[in-house]
Amino acid sequence: MKKFALVIFLNLVVSVTFAQQYDMGIYAGLFSPTSFGNYTKATLGPSYGIKFDYHFNEKFALSSNYMLGHFHHTSDRNGLKIRDKTNLFYLTFQKKFPLKKGWSLAVGPGIGYYLEYSSDEIDQITQITEFYRDFIMPLEINFNKKIGENLFAGVKTGLFITPFYSIGAFHLGPELRYRF
């Protein structure tokens with residue numbers, strides 16, 4: 001009986017695995033500081049990233065993302081313009097909606113982490129680069145269309161909400177994905 005149950009279980013696992021799809025993608029665009037209101041004269045900057053999507057079925061997907069963003073602000077210490085870098089890693093659970101003419105919309109919340117630092121801002125006592133890190137709750141929207149047999153292009157945007165700021169950051173830009 002145990003062997004029979006094991007065979008049935010393995011058949012189910014294998015059939016479900018082959019029915020699922022995976023995407024790998026790249027994206028770029030604009031990025032705002034993670035705590036925009038805390039910086040003097042903060043400006044938008046470029047961002048780019050990679051993503052891996054696991055599609056459970058036609059309606060739901062899990063998206064894993066790594067993004068690197070840059071922005072500028074004015075230093076409170078000496079008034080110089082500072083360039084900061086932000087690394088973000090986050091997961092989102094997305095609900096997909098088919099639209100007309102082959103377009104698709106995916107919306108979803110998630111959980112993640114960011115690390116923000118600047119090589120221009122060094123602690124004067126310890127001589128160590130200052131950095132900020134925190135938990136983030138992304139809310140992401142993807143609008144895309146199939147442009148080839150396994151190729152998708154679209155626009156990716158979203159907010160990064162942090163526990164200590166109302167809206168931490170946002171990003172907006174094009175994305176390109178390949179489905180396996």
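Q: What is the accessible surface of the protein, and how much of it belongs to carbon and sulfur atoms?
A: The model is predicted. Its accessible surface comes to about 10900 Å². Carbon and sulfur atoms hold 69% of that area.

Q: What makes a residue count as buried, and what percentage of the protein does?
A: The cut-off is under 20% relative accessible area. Of the 180 residues, 36% count as buried.

Q: How do the elements run from the N terminus on?
A: The order is α-β-β-β-β-β-β-β-β-β. That is 1 helix and 9 strands.

Q: Why are S1 and S3 called paired?
A: Pairing needs at least two bridges. Strand S1 (residues 21-31) and S3 share 11 bridges, in the antiparallel sense. They therefore count as paired.

Q: What makes S3 and S4 a pair, and how many residues lie between them?
A: Two bridges would be enough; 9 bridges join S3 to strand S4 (residues 60-74), so the two strands pair. They run antiparallel and form a hairpin with 4 residues between them. Among the bridge partners are Tyr48 and, in S4, Leu68.

Q: Which residues lie nearest the centre of the largest pocket?
A: They are His55, Glu58, Lys96, Ser104 and Arg179, out of 27 lining residues. Strands S3, S5, S6, S7 and S9 each give two or more residues to the lining. The pocket's volume is about 430 Å³.

Q: How does the lining of the largest pocket divide by class?
A: It has 10 nonpolar, 9 polar and 8 charged residues.

Conventions:
Residues are numbered from 1 along each chain as its sequence is written. This is a predicted model: local features need pLDDT of at least 70, side-chain atom pairs count only at pLDDT 80 or more; totals for chains, interfaces and linings use all residues. Side-chain values use heavy atoms; hydrogens and water are left out. Buried means under 20% relative accessible area, exposed over 50%, partly exposed in between (1.4 Å probe, protein chains only). Accessible areas come from the Shrake-Rupley method with a 1.4 Å probe; for residues, only the protein chains shown count as cover. On a 1 Å grid over the protein atoms alone, a cavity is a set of points where a 1.4 Å probe fits but cannot get out, and a pocket is an open set with protein on both sides within 12 Å along at least five of seven lines; lining residues have an atom within 4 Å of a point. Grid points are joined across faces, edges and corners, and a volume is the space filled by probe spheres set on the points. Ala, Val, Leu, Ile, Met, Phe, Trp, Tyr, Cys and Pro count as nonpolar, Asp, Glu, Lys and Arg as charged, and the others, Gly among them, as polar.
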